[in-house]
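Please look through the sequence and the model shown here before reading on. The report that follows goes through selected residues and the contacts around them.

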Amino acid sequence: MPRKKDEEKEIKQDIKARMVVLSGEQEERIARRRAETLNLPYISLQTFPTDADVLELIPRHLAEQAHAVLFHKQGKDVRVGVVNPSLPAFAKFRQAVTNTVGVEPQPYVISHRSLQVALSRYRREQRVEVTPQDEMRITSESLSAFTKTIRDLHTLGQHITTLPPTEVLATVVSGAVKLGASDVHIEPKEKEARLRYRIDGVLQDITEFALPGWQLLLSRVKVLAKLKLNVHETPQDGSFVLRVGEATYDMRVSILPGDFGENIVMRILNRAAEAVRITDLGMKERDYAVVLRELRRSNGMILTTGPTGSGKTTSLASFLREVNTPELKIITLEDPIEYRLSGVEQTQVDTDAGYTFAKGLRAILRQDPDVIMVGEMRDTETAETAMHAALTGHLVFSTLHTNDAPGAIPRLIDMGIKPFIIAPAVNLVIAQRLVRVVCKKCAKKYTPDRAIREQIAAAMEGVRREIFDPQVVHDPKLKLVRAQGCDHCAQTGYKGRQGVFEIFTVTGAIEELVLKGADSNAIRDAAQRAGMTTIAQDAYLKVLDGITTVEEVERISEE
């Protein structure tokens, strides 16, 4: 009896232990023990795919007050996860669930970590007060005034150098959001710090400022991202929430020690970002038809390849949007979740808690899915599990890091996957890059010289005539576009990006080559004979259509 009282006392103390840093295993062990004491089932929501549409049946502010979430609803089977069922706020939460779905829910005990994972899957943010330690707010009025002042990169850089250090971070992130940057880089040098934005995939210099300002920025970012202020010699990763007007962004923070201090990189993820339609990816008619045909299949794997930042996740999200219907159960495993998809159960890798791609994929397969998206196949175990899923009645989407589409097959073989598994499992392989779209407000037309014409003609050699007519290059009336720069495009000359692709299906001659373990050159030749265009060829087609420039093709070719 005394032991039980001691356990109950320990559990009550743990409810207030949010200020204590615990490892993932410790948190889950405490949650299991609490469940046993309360005679309730335990669950980890880090490995349970939760549909955001179900979560959002109950407002987030109620979930935060009660330390509870509605994580499952299927007919009369309604489940809620709760850290401490004895909290008075949980009774209100439980009644809200009953009133909303018409069924009294079954409570499951969860850890604080599980609660935070589930809360992060909310897409629509209610107006709630959040602790300032992990949130930064910029009002609509401030943003409006800022927008009127800052028109391009140059004026932004000048403006930052005139600010007091305490105002610099708000201006830096506001400028990044206004200019559509995906990443913010703050890099200390010997005598000053450099600020750069990645806009449309290319880093742009913004300004340089004094090192004391960098030091204040570093401390402020570390506090927001809940990183250790006294650690300077090892990398740290964290995140915080940025609210700009009515929009909400997740800021993923990476701190890396360098020769002159710690480098800061902040990735900006818009919670309201929606998956684009396949028609907006930039595929030509032939590739679009091939992809649509393969998306209609009920099993097999569709692989996208390319380096980091080449648009693979955007393509997969558009594929999920295309196949998403009420009749299908779709589950994703991502790192991180970049697009919130209604009706799709999305989970996020958490290596600290042991929820890896390999473990997550095995857990997903026990949920009876029809379609699975695995953010990346990083190891042999994940690749093997995904391949077998594709062979056993699931449509699987995933990514690899290879330079081109034919290189995906040798890469899988190097990972230990047998050719006799790859050939029937993989339906479609896509490689891609992103080219910047020339700004339509300032683009300048010009007549290409002989050298450029010959350059394009040489690159397009062997492309089928229904895709490319060689006479176009020699037409004296041919006009191409050149980037200039204006206020609309922040003086970069480009506005937005589009994909360029090489796509082939693993059928016929290509399937035979895969079974033989052929190299990428043999696979490329067979794919081109079947109608595949290379990334460079697809990019030159966009040059001829006035979408991008020759300089952009040369840039991605160098990459």
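## A buried threonine

Thr305 has a relative accessible area of 0% and is therefore buried. This value, like the others in this report, comes from a predicted model. The residue belongs to strand E12, which covers residues 300-305. Leaving aside residues up to four places away in sequence, Thr305 touches Lys312, Leu400, Thr402, Asp404, Ala405 and Ala408, and also Val429, Ile430, Ala431 and Gln432.

## The nonpolar cores

The largest nonpolar core holds 62 residues, and within this core Met301, Leu412, Leu480 and Phe504 touch the most other members. Helix H21, made of residues 535-544, gives the most to this core, contributing six residues. Apart from this core lies another one, of 38 residues, with Ile186, Phe209, Leu224 and Met251 among them.

The surroundings of Met301 can be described in more detail. When residues up to four places away in sequence are not counted, Met301 touches Met377, Ala386, Met387, Ala390 and Val396, together with Ala425, Val426, Asn427 and Leu428.

## Aromatic pairs

Three aromatic pairs are found in the structure. One of them is formed by Phe90 and Phe93, whose rings are stacked, with 6.2 Å from centre to centre and 20 degrees between the planes. Both residues of this pair, Phe90 and Phe93, lie in helix H5, which spans residues 88-101, and they are three residues apart, about one turn of the helix. Phe90 has a relative accessible area of 3% and is buried, and Phe93, at 2% relative accessibility, also counts as buried.

Another pair joins Phe319 and Phe397, whose ring centres are 6.1 Å apart and whose planes stand at 65 degrees, so this pair is edge-to-face. Because Phe319 lies in helix H12 (residues 312-323) and Phe397 in strand E16 (residues 395-400), the pair ties together parts that are 78 residues apart in sequence. Phe319 counts as buried, since its relative accessibility is 0%, and Phe397 counts as buried at 0% relative accessibility.

Terms used:
Residues numbered from 1 in each chain as written. Predicted model: local features only at pLDDT ≥ 70, side-chain atom pairs only at ≥ 80, totals over all residues. Heavy atoms only, no water. Phe/Tyr/Trp six-rings, centres within 6.5 Å; stacked < 30°, edge-to-face > 60°. Helix = DSSP H or I, 4+ residues; strand = E, 2+ residues; numbered from the N terminus. Buried < 20%, exposed > 50% of the residue type's maximum accessible area, 1.4 Å probe, protein only. Contact = heavy atoms within 4.5 Å. Core = buried A, V, L, I, M, F, W, Y, C linked by side-chain atoms within 4.5 Å.
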